[in-house]
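Let's walk through this protein together, one part at a time. Have the sequence and the 3D view open as you read.

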Amino acid sequence: MKNKIESPKISIPLLEPQDVYSLESREEICNKSIEDLTIDNQEANRVSFDKVLFKNVVITESALREIELTDTIFEKCDLSNIDFSGSFIHRTEFRDCKLIGTDFSNSRLQNVSFLNCLGDYSVFRFSKCKHVSFEECSLISIDFYNSNLQTVYFPHCNIDQAMFTGSKLKGIDLSSCSFDGLNVEIEDLDGCMISAHHAASFAGLMGLIVK
C-alpha cells in the first residue's frame, strides 16, 4: 500500500519558521514551518501551500475553498468544520489530526495519507480520490456520496454508518474495518472486499434475513 502512495517531498530541517494568522485569496506560501498557533475567522480562496509543515495548528470558523496543498504535512492539527471544498491536495499527509465535519467535497486528492485521524462526519462527496489511505482513523458517518474512489485504502478504520451511495467500491478492501452498517446501494458493492462477519450487515440490502 505505502509503495503506491507518494510521500510529501519536503525537507523539514530546511523549512523557515513563520507565524500565520491571516490569509489572502491566491496567496502562496512555500517552504515554511507553521507551528503552535491558532488561525480563526478566515475566508480566502485558492490559497496555495507548497512544502509546508503545519504542527499543533488550530484553524477555526474558516472557509478556505479551492485550497492547493502540495508536499505538505499536517501534524496534530485541529481542522474540524473547516470548508476545504473544491480543493486540490497532492502528496500530503494528515497525522494525528482532528477533522470532525471537515468539508473536502468536490475536491481532488492524489497521494494523500490520513494517519490516526479523527474524521467523523467529514465530507468527501463528489470528490475524486486516487491513491489515498485512511489508516487507523475514526470515520464514523463520513460522507463519500457519489465519489470516484481509485486505489483508496481503509486499514483498521471505524467507518460505521459511512455514506458510499453512488460510489463504486470495486477493489476497495473494507475487511479490517469496523462497522455495524453502511449507507450504500447493492450495485456499488460489486467487487468490494469485506470480512465474513460483515456479511450480515449487507444481507438486508439483498432482502435476506439472517437467523
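A salt bridge here is a side-chain nitrogen of Lys or Arg within 4 Å of a carboxyl oxygen of Asp or Glu. Keep that in mind, and note two points about the source. This is a predicted model, in which local features need pLDDT of at least 70 and side-chain atom pairs count only at pLDDT 80 or more, while totals for chains, interfaces and linings use all residues. Residues are numbered from 1 along each chain as its sequence is written, and side-chain values use heavy atoms, with hydrogens and water left out.

Begin with the sheet. Helices (H or I, at least four residues) and strands (E, at least two) are DSSP runs, numbered from the N terminus, and two strands pair if DSSP finds at least two bridges between them. Eight strands make an open sheet in the order E1-E2-E3-E4-E5-E6-E7-E8, with parallel pairing. Strand E1 (16-17) and E8 are at the edges with a single partner strand each, so one side of each has no neighbour in the sheet. E1 is joined to E2 by two bridges, and Glu16 stands opposite Lys32 in E2. Between E2 and E3 there are eleven bridges; here Ile29 stands opposite Phe49 in E3, and Glu35 is opposite Lys55 in E3.

Next, look inside. Buried means under 20% relative accessible area, exposed over 50%, and partly exposed in between (1.4 Å probe, protein chains only). A nonpolar core is a set of buried Ala, Val, Leu, Ile, Met, Phe, Trp, Tyr and Cys residues joined through side-chain atoms within 4.5 Å. In soluble globular proteins, nonpolar side chains tend to be buried together. The largest core in this model has 54 residues, and Phe94, Phe114 and Ile159 are among those with the most contacts inside it. E3 gives the most to this core, with five residues. Contact means heavy atoms within 4.5 Å; not counting residues up to four places away in sequence, Ile159 touches several residues, including Leu139, Phe164 and Leu182.

Now back to charges. How many salt bridges does the structure hold? There are 13. One of them joins the side chains of Glu6 and Arg91 (3.7 Å, N to O). Glu6 lies in the segment before E1 and Arg91 in strand E5, so this pair ties together parts 85 residues apart in sequence. Glu6 counts as partly exposed because its relative accessibility is 38%, whereas Arg91, at 13%, is buried. In another pair, the closest N and O atoms of Lys98 and Asp78 are 4.0 Å apart.
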